[in-house]
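Please have a look at the model first, then read on.

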Amino acid sequence: MNKFLGAAIFSLFFSTAFAQNEISYTVSFPNAIHHEAEISMLIPNVPAGTLKVRMSRSSPGRYATHEFGKNVYHLKAFDGGGKLLNIKQSAGDVYEIPNHGSSVKVTYTLFGNWIDGTYAGFDETHAHMNIPATFAFPIGMDTRPRLVKFNYTEKKNWKVATQLKPMANGTYFAPNLQYFMDSPTEIANYKTASWQVKNTDGKEQTIHLITHSNDDQKTIDNYAEMLKKMVDEHLAVWGEFPTYDYGNYYFLDDVYPENAGDGMEHRNSTSIVQRTPKIEGYESNLLGTFSHEYFHSWNVERLRPKTLEPFNFEHANMSDELWLAEGFTQYYGNLLLTRAGLKTVDNAVQTFNGLVNAVLLSPGAKNFSPIEASRYAVFADAGVAIDQTNKGNIFTSYYTYGAATALALDLRLRAEFKLTLDDYMRALWKAYGKPEIAYTIPDLEETLAVLTKNSAFATDFFKKYIYGTDKNDYAKLLLNAGLVLQKANPNKAFTGFGRINVLDGKVILGQTLIGTPAYQADLDVDDVLLTIDGTELKDATALSTLTDAHKPGDVLKVTYLHRGEQKTTQLTLTENPALEIVPIEKTGGTLTPAMQTFRDKWLSSQVKSK
């Protein structure tokens, strides 16, 4: 009896302390048709001194800085008696309230009309909220719980979908700021399909497909069946599901042609925004984002680099490990669709082809390491710049670079150690992901050494291909699976002009890349090509026809305009460097039994029969 009474008293004390400290929000949408939301934040038990409230400048899953404060206006603050308080806006996204009581209420209007994984969007059909783009927060109170209530009584068919914990009276709970900011929310008349999965410990969890699209329920149900196959292959890689907080995982899918398009991972959910009229008829094309983002529920949400801990909401975290966090995820996102039978082997080969071309031919990969590519994310990950950059010559996406690195490591583990990249991911999960111990690059190297029982291999791989810019022998590695890496256009002339723009009969160059004939000829972005070898240029077809009429080594006279001044240069054509991966049987070669076995073990389903 005494024990029960003590527990009851403790429970009452905890509830009282919780109520005194929780930061609560209410959100309503009286002007959704014009993309506005009205938000209030109640902060109890405010410490003495200046209270600082701010909007975030970064978002979980994004690696560049974003100015969410620009869409906030009419911000006001009130004390517990409803008296208006003085506010000093000390920065574009920071508000200071020097004099206040123990309770402060902040209200503001938020404009949102950009539907993707980063921003917020409101209209008559839904409220699409990335939390950092939506909610202000008090500085220094990150550990306090959050409660949020959404008011949408005028929207009779709307429902809430979020990884936040549902509470009584239509409110939703987050234990702290980090979890709250990581919890995208969709309110709409959506359709859903759900299924249960059993983890290795016997506990069941539920996966939900939440779809705001112009599709019927049958389409959503059929799509869920495809996702089940995909999920099974993900489970086969890792060996177990993550433990989803509150027992649920949500695919929040928003499909409409005018959407911005995006995929953004979160701890127990993902926000997927796609630019097609509907899902029906586009199922296969849309699966890649689902597969990539779901892989993240292990890799980066729990198997997490130390450089992303804790997540900084005042500016972007600088991370050295995105080649693995994003790049390895990119590799598996496509691979697992092939294993699930949702993509063909030819689809997989086409994807590998793009990876190999990028890592072997792009200036960014030739001259910068995967670590350096990862660091550039603070500028590249949906970051906005109005000035021209030299991005084409200094940056290869850590998604692509990392995926190509994963491809090479997978093939090497299979060929040299009778292991797979799946084994490596499971080893990382066991050591760092499941216990949620943030890792460093030396930790990744050590895990590879332990797995292979060969520290020299691990040291060499990281020195050359992670810290350095050496490249693996992709031709040799791919041949193990009966895939031939060869020139795509042998003996074909190459100008290196890359992407050109044709405007009012003018052929205008884009950025020229280091090492190409165009770059060597000192041709630059925005130069206007006039003639080549005496032939006047009016469109891209004329340029292509002229190039095809020459061979590598030919030297052509080029006249062009540079800032309005006509100039002349000599362009020495080279052989087109583009590569292609072709199954050996399509080249007239022999697919040996060993090659077939290697290919099958790599690309076929890993799901064990139940």
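Two strands count as paired if DSSP finds at least two bridges between them; strands (E, at least two residues) and helices (H or I, at least four) are DSSP runs numbered from the N terminus. This is a predicted model, in which local features need pLDDT of at least 70 and side-chain atom pairs count only at pLDDT 80 or more, while totals for chains, interfaces and linings use all residues. Residues are numbered from 1 along each chain as its sequence is written, and side-chain values use heavy atoms, with hydrogens and water left out.

**The hairpin**
- Strands β16 (residues 191-198) and β17 (residues 204-212) run antiparallel and are joined by 8 bridges.
- Ala-193 has Leu-209 of β17 as its bridge partner.
- The hairpin of β16 and β17 has 5 residues between the strands, and Gly-202 in the turn has a positive phi of about 90°.

**The largest cavity**
- The structure holds 2 cavities of 30 Å³ or more; a cavity is a set of points on a 1 Å grid over the protein atoms alone where a 1.4 Å probe fits but cannot get out, and lining residues have an atom within 4 Å of a point.
- The largest cavity has a volume of about 60 Å³, volume being the space filled by probe spheres set on the points, which are joined across faces, edges and corners.
- Its lining includes Val-359, Pro-370, Asp-470 and Lys-471.

**The second largest cavity**
- The second largest cavity has a volume of about 50 Å³.
- Among its lining residues are His-128, Met-129, Glu-186 and Asp-253.
- β18 gives the largest share of this lining, 3 residues.

Key. On a 1 Å grid over the protein atoms alone, a cavity is a set of points where a 1.4 Å probe fits but cannot get out, and a pocket is an open set with protein on both sides within 12 Å along at least five of seven lines; lining residues have an atom within 4 Å of a point.
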